[in-house]
Amino acid sequence: MAILNHLTTTCWKSFQGDRLNKQLLYALRALHKSAASEALGISATGEEAMPDTLMAPADVGEKTKVKSLKEMPGPSTLSNLIEFFWRDGFSRIHEIQMEHRKKYGKIFKSRFGPQLVVSVADRDLVAQVLRAESAAPQRANMESWKEYRDLRGRSTGLISAEGEDWLKMRSVLRQLIMRPRDVAFFSDDVNKVVDDLIKRVACLRIQQPDGVTVLNVNDLFFKYAMEAVAAILYECRLGCLESEIPQDTQDYITALNLMFSSFKTTMYAGAIPKWLRPILPKPWEEFCHSWDGLFRFSLTHVDKRFADIKAQLQRGEEVKGGLLTHMLITKEMNLEEIYANVTEMLLAGVDTTSFTLSWASYLLARHPHVQQQIYTEVTRTLGPGTVATADDVPRLPLIRGLVKETLSRLFPVLPGNGRITQDDLVVGEYFIPKGTQLALCHYATSLEEESFADSLDFRPSRWIRKDSTDRVDNFGSIPFGYGVRSCIGRRIAELEMHLALTRLIQKFHISTSPLTADVKSKTHGLLCPAAPIHLQFIDREN
Ligand code: HEM
């Protein structure tokens, strides 16, 4: 019993020291060799991978039962097709997670055409998967991203790279932006963008008849997030928060929107086999077109900074700068790798942050008493009118709690994440062969009562630590992922959100607008508002 209980709660690898388990592991491996060799896109063979004889081997006993994928519950292919293509399940992925967990349990399988996906919708099982990761985990099949890059002679960046290439780039970037103290360096730059955000709120309000409403706050936060992340990545200002947005920035926004608005199309770009492209060319063409726009923008800004640095060096001047300057000078990555990484980081860092800011403001408006508590904390800690910096954030636990409660629990902007298993694995009571696509259901786990009491309540204070040993985090809420492949931009995103929310709360009482009713979420790649959020920003008297 101990062996199997263990097997179901910890990773394969940690058992390699245990002789008995080792034998069992090798026995399973041998029996699954064919499945294991099938790497990506587990086929029906993957489901069959566990011969029935292994289910209840008499000599191992009842307690060592490991089931095969074949025995795993889940919706039928037909009901999946109806759910996703007929009932627009793509925009309800978060709700489907909840429904399926209720119906099939903590782990279930679904089939999308030839692709089998095993969904893991339980905190402890998610932990089990992520703790078993290799040195270079794989998130999903990135073939279409790689194909585009090969076609244009471009490099992969952190999101699209795998194996050695990924490890090399990750080890460079990890040292530059993974720790809070690394990104504290950008505090002043981000605060300048926050200045512009506040001015923009004022400018937008006066355009409305009541003089206090900002329509569709996500548009505002999108521009803030893009301006802030570009200030860090490109070391320059783009003018997103100006009334007249410069044309090249506008072109970039168009390319970014194309990438997201055609989310389904870009998914199909990867899913549609190459031989079908002459008949159905649009998805692939749009996919390439939007990447062209995203890369073009990065090339322009990186090349400009490169030219400035060269000119400074030629004049014998000392070169000072931030992230990009460091990358260009140290040459730990070549120029193509730098292009690819800033392109992918900009792509990853705008909508994620802006949707979170939209949801956080919406929650503040709907819970004025919570907003008042946070306002009191901010004014007491900082004093009136003081601009917070990264160094102040640890003293603002409710601001941090606000971001966590929004992002880690009620509106995890990435409602799910993926992993392709790189080794045979036992999760729960199931044998999962190497190469299986897993979907980690963060939306479902973030609302689990056993992880978070009164899980539907908005309570930023639940995240306040009583002392340094009191850790509230758990695998029920990992909005930035976990482990070596977790979000590299986490600290940047947190800095942008903490500084913006602190200042907004200092300046304005954020209130609901009669124009906005209850806003539901929908999935469009990310968890976004299903309707525009309009909010009132009323000046505070201070
Ligand atoms: C609220 C904001 C954000 C959220 C919730 C978020 C969430 C995530 C998640 C869940 C992952 C996958 C992690 C995993 O597989 O374990 C990820 C990966 C990534 N994120 Fe973020 N992210 C945010 C902002 C940013 C920003 C601002 C940047 C860049 C400046 C960024 C850059 C990346 C990159 C490059 C990866 C791929 C990392 C790798 O594969 O090594 N993200 N993010």
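Me: How many helices and strands are there in the chain?
Reply: This is a predicted model. Its chain holds both kinds of element, and the count is 22 helices and 11 strands.

Me: What percentage of the residues of the chain count as buried?
Reply: A residue is buried if 20 or more other C-beta atoms lie within 10 Å of its own. The chain has 542 residues, and the share of them that counts as buried is 41%.

Me: What percentage of the contacts with a separation of 6 or more comes from residues 24 or more positions apart?
Reply: Two residues are in contact if their C-beta atoms lie within 7 Å. Among contacts in the chain with a separation of 6 or more, the part from residues 24 or more positions apart is 71%.

Me: Which strands stand at the edges of the sheet of four strands?
Reply: The sheet is open and mixed, with the order E1-E2-E7-E4. Neighbouring strands here are turned by 30° against each other on average, direction ignored.

Me: Which residue in E2 is the bridge partner of Arg111?
Reply: E1 and E2 (residues 115-120) run antiparallel and are joined by six bridges. The partner of Arg111 in E2 is Leu116.

Me: Which strands are the edge strands of the sheet of three strands?
Reply: This open sheet has the order E3-E11-E8, with antiparallel pairing. An edge strand here pairs on one side only, and that holds for E3 and E8 (508-512).

Me: Which residue in E11 is the bridge partner of Thr213?
Reply: E3 pairs with E11 (residues 535-539) in the antiparallel sense, over two bridges. For Thr213, the partner in E11 is Gln536.

Me: Which residue in the turn between E9 and E10 has a positive phi?
Reply: E9 (residues 521-524) and E10 (residues 526-529) are antiparallel and share four bridges. Within this pair, Lys522 stands opposite Cys528 in E10. The two strands form a hairpin with one residue between them, and the turn residue, with a phi of about 80°, is Gly525.

Me: Is Asn216 buried or partly exposed?
Reply: Asn216 sits in the loop between E3 (213-214) and H12 (217-233). Its phi is near 45°, a positive value in a residue other than glycine. Because Asn216 has 18 C-beta neighbours inside 10 Å, the residue counts as partly exposed.

Me: Is Glu235 buried or exposed?
Reply: Glu235 belongs to the loop between H12 and H13 (247-261). This residue is not a glycine, yet its phi is positive, at about 60°. Because there are 20 C-beta neighbours inside 10 Å, Glu235 counts as buried.

Me: Which residues is Cys487 in contact with, leaving aside its neighbours within four places in sequence?
Reply: UniProt lists Cys487 for "binding site", in an unreviewed entry. The residue lies in the loop between H21 (442-446) and H22, and counts as buried because 20 C-beta neighbours fall inside 10 Å. Leaving aside neighbours within four places in sequence, its contacts are Phe480 and Gly481.

Me: What distance separates the C-alpha atoms of Ser290 and Leu256?
Reply: Ser290 is part of H15 (residues 282-314), and it counts as buried because it has 24 C-beta neighbours inside 10 Å. Not counting residues up to four places away in sequence, Ser290 touches Ala255, Leu258 and Met259. Ser290 and Leu256 are 34 residues apart along the chain, and their C-alpha atoms are separated by 6.8 Å.

Technical notes. Residues numbered from 1 in each chain as written. Predicted model: local features only at pLDDT ≥ 70, side-chain atom pairs only at ≥ 80, totals over all residues. Buried ≥ 20, exposed ≤ 12 C-beta atoms within 10 Å, placed from the backbone. Pairing = 2+ DSSP bridges. UniProt positions renumbered as here; feature names shortened; annotations may be inferred. Axes fitted to C-alpha atoms, helices over the stretch in contact; angles between N-to-C directions.
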